[in-house]
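Let's take a walk through this one, a stop at a time. Have the sequence and the 3D view open side by side as you read.

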Amino acid sequence: MPTQILMPALSPTMEEGKLAKWLVKEGDIVKSGQVLAEIETDKATMEFEAVDEGRIGKLLVAAGSENVKVNEPIAVLLADGEDASAANVKAAPKAAAPVATPAASSSAPAAPVFEAAADPDLPAGTEMVMTTVREALRDAMAEEMRRDGDVFLMGEEVAQYQGAYKISQGLLDEFGDKRVIDTPITEHGFAGLAVGAAFDGLKPIVEFMTWNFAMQAMDQIVNSAAKTRYMSGGQMAAPMVFRGPNGAAARVGAQHSQDYSAWYASIPGVKVIAPYFAADAKGLLKAAIRDPNPIIFLENEICYGRSFPVPKLDDFVLPIGKARIVRQGKDVTMVSYSIAVGMAIEAAERLAAEGIDAEIIDLRTLRPLDMDTVLASVKKTNRLVTVEQCWPVCSVGTEICQRVALEAFDYLDAPPTKVTGKDVPMPYAANLEKAALPTVDEVVAAVKAVCYRD
Amino acid sequence: MKSFANGALSNSEAQKKLYYDMLLIRRFEERSGQLYGMGLIGGFCHLYIGQEAVVVGMQANVTANDQIITAYRDHGHMLAAGMESRGVMAELTGREGGYSRGKGGSMHMFSAEKKFYGGHGIVGAQVPLGTGLAFANKYRGNDGVTLTYFGDGAANQGQVYESFNMAQLWKLPVVYVIENNQYAMGTSINRASAQSDFSKRGASFAIPGVQVDGMDVEAVQKAGAEAVAYCRKGNGPMILEMKTYRYRGHSMSDPAKYRTREEVDDVREKRDPIDHFGSKLVQRGVCSEEDLKAMDTDIRAIVTDAAEFATTSPEPDMAELYTDILA
């Protein structure tokens with residue numbers, strides 16, 4: 001039987017990729033371990049090695065093909081004695097045509113089909129350019145580093161490797177190793193070192209490969225960065241940004257999948273930013289780098305590859321601490337942040353089909369919370385559902401619900417309700433992981449519940 | 001133990017200043033202990049009595065570009081860095097006139113003007129911070145050196161070695177001053193440290209280290225001068241282990257049952273940094289017993305004035321509760 005060679009998944013979040021180059025041709029004998037092809041994921045170009053031995057009967061996907069789905073047959077391998085006619089398996093040879101089916105599930109790398117409401121403060125006629133969150137973050141850092149020589153980036157693999165998630169791609173080339181600094185794997189140490197440099201007035205950007213690893217550095221973030229302005233009576237402080245991916249990635253288990261939004265949002269002395277859209281990622285990261293306070297900037301790995309319109313402006317800086325109404329609605333207020341905003345948007349589209357007009361607020365900043373925007377919306381819609389990936393106990397949604405209950409009690413027509421991740425460590429098994437994360441179905445159900453609709 | 005105390009300093013005024021600075025710390029700390037006993041200083045209060053030669057000897061080598069950072073046994077460091085005794089004492093009493101306007105306390109005090117970067121309450125946390133200050137010097141291309149002080153207890157913290165690694169890797173101008181006072185709170189170094197020669201703690205990073213008699217202010221100054229010069233030249237970090245001793249408990253609430261009265265008395269009698277240096281000054285003819293007494297009288301007046309200020313300065317305004325959190 002001929003063996004099908006399938007498009008491999010080469011990262012935890014990869015669902016499709018580009019078959020950049022074949023390193024074998026039809027008729028070649030291949031040995032196990034031999035490199036067959038180069039495949040581009042959203043993060044890197046990887047070599048793909050043969051597992052089985054045999055002769056390449058047919059290449060099913062042409063070099064240069066984009067959006068090749070994981071597990072799609074890309075070649076056929078013949079055993080001894082089989083001839084090329086055996087390679088005519090059912091899968092039709094594919095041309096380089098991209099597969100552009102919009103993803104249905106919220107964990108897919110493509111963004112939900114939704115045109116974000118433009119920021120009202122943008123000058124009329126501003127050109128919008130589709131940009132990935134990844135590029136938006138990189139552009140923000142590059143622009144601020146060009147603007148201010150005191151800004152530098154440090155972290156694991158940020159320089160020569162170009163970023164574990166390719167957020168710092170190209171920065172080493174432009175700014176050199178004085179300002180783009182690869183650190184040893186010592187979060188506690190380099191976070192503290194950066195805080196010390198910030199005490200002296202430099203403006204470090206500390207990249208944590210993920211926020212999970214920042215727990216090693218928690219003391220320096222909380223005790224040194226956040227408290228020094230207060231403890232010194234305003235004499236010194238840490239003007240700096242701690243940033244990196246937060247929340248669940250995909251199939252990486254309990255120690256690599258957690259959302260720290262509520263942890264950091266509870267600490268006086270820091271500001272906490274958790275954007276969803278690329279424009280917010282850019283405008284708020286630029287603001288964070290300029291801010292004289294320590295900033296916790298929570299990104300999301302799943303969202304890095306999503307594309308959104310970003311205004312083409314020389315210096316696009318957004319205010320920290322301002323939520324944005326992403327979708328206007330009259331029946332219910334959904335308050336969300338980070339990746340869960342995408343879920344709220346999907347839910348709103350489904351609810352609209354059922355006659356429920358939801359308003360969506362993207363908090364963007366978790367500390368300070370823009371309660372004015374939340375309260376004004378709830379006073380209009382009389383119903384509140386918070387949507388987040390965080391654990392349920394003492395979550396950001398918990399805080400919002402409590403504040404709304406206290407400050408808009410008389411306006412409420414239903415109990416404020418949360419949709420969150422489940423109260424468990426993240427399981428590895430695919431089905432359990434799916435169940436541990438909030439779903440669009442759960443958001444829809446929660447909204448219907450507060451609207452007394454079944 | 002390597003000793004640098006072979007020759008007297010040439011400048012008699014500089015010698016008198018070393019004595020004066022040590023005695024100021026001694027008298028300041030004695031008064032702090034008294035105010036604590038009167039309930040005027042709260043919380044934790046860690047006195048530096050016995051260790052005065054370390055910070056005074058080291059700070060004699062710094063310039064206005066150099067930074068200093070330490071842990072919570074910090075009153076002596078602040079005085080040696082040139083901070084006003086009034087402001088330090090008023091911070092101990094939690095008053096408006098304190099360096100942090102009463103919001104930091106004994107363990108958390110700072111002076112941007114004197115480049116004193118705290119005053120840190122978490123054991124070992126100041127070591128990466130001090131390394132970062134040195135990073136800033138290198139980044140800016142100035143010739144500043146950072147003196148990062150920590151104790152034998154902190155020397156077992158993992159972040160210290162993370163810092164050593166980066167400091168040597170990037171050749172950062174930082175002197176790590178390990179104040180080995182023999183006890184990490186109540187645990188003697190022999191019960192807590194597999195390698196109790198702290199000058200060797202940087203060996204695996206090839207950071208040079210020297211043991212110094214931390215009870216001999218001139219030995220400290222000489223070792224400090226060499227270390228600061230080494231760092232200023234861009235050679236990277238250096239470690240100085242100061243063999244010293246604290247007379248008081250770890251903090252005011254420590255009864256110090258883990259050592260004998262005789263042990264403390266023995267150090268006081270044979271190695272006291274102030275008495276011994278005072279005797280040397282008289283022997284050398286730098287000053288007379290009367291001169292030393294006159295210095296003591298002056299210092300007592302300064303400390304009395306500081307205590308008066310610290311107990312009459314008002315408590316911070318209630319509005320201070322919500323200031324200085326964010327800029």
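Which strand of chain B do 3 bridges join to β1(B), and do the two run parallel or antiparallel? Keep in mind that this is a predicted model. The partner is β3, residues 146-151 of chain B, and the two strands run parallel. If you want a spot to look at in that pairing, find Ile69(B): its bridge partner in β3(B) is Thr148(B).

β1(B) has another neighbour too. Strand β2, residues 116-119 of chain B, is joined to β1(B) by 2 bridges, and this pair also runs parallel. Here Thr70(B) stands opposite Gly119(B).

Now look at where the side chains of β1(B) go. In a regular strand they alternate between the two faces of the sheet. In β1(B), which covers residues 67-70, Gln67(B) and Ile69(B) point one way, while Ile68(B) and Thr70(B) point the other way. Whichever way they point, all of these residues are buried.

Next, hop over to chain A. Its domain assignment gives domain 1 (3-87), domain 2 (128-311) and domain 3 (324-450). Let's stay with domains 2 and 3 of chain A, whose C-alpha centres lie 26 Å apart. Between them, 24 residues of domain 2 are in contact with 25 residues of domain 3.

What does the domain 2 side of that contact consist of? The elements giving two or more residues to it are α6 (261-265), β14 (271-273) and α7 (278-290) of chain A. By residue type, this side of domain 2 divides into 14 nonpolar, 6 polar and 4 charged residues.

Key. Residues are numbered from 1 along each chain as its sequence is written. Chains are lettered from A and ligands numbered from 1 in the order in which they are written. This is a predicted model: local features need pLDDT of at least 70, side-chain atom pairs count only at pLDDT 80 or more; totals for chains, interfaces and linings use all residues. Domain bounds come from an automatic or database domain assignment. Two residues are in contact if their C-beta atoms, placed from the backbone, lie within 7 Å. Helices (H or I, at least four residues) and strands (E, at least two) are DSSP runs, numbered from the N terminus. Ala, Val, Leu, Ile, Met, Phe, Trp, Tyr, Cys and Pro count as nonpolar, Asp, Glu, Lys and Arg as charged, and the others, Gly among them, as polar. A residue is buried if 20 or more other C-beta atoms lie within 10 Å of its own, exposed if 12 or fewer, and partly exposed in between; C-beta atoms are placed from the backbone. Two strands pair if DSSP finds at least two bridges between them.
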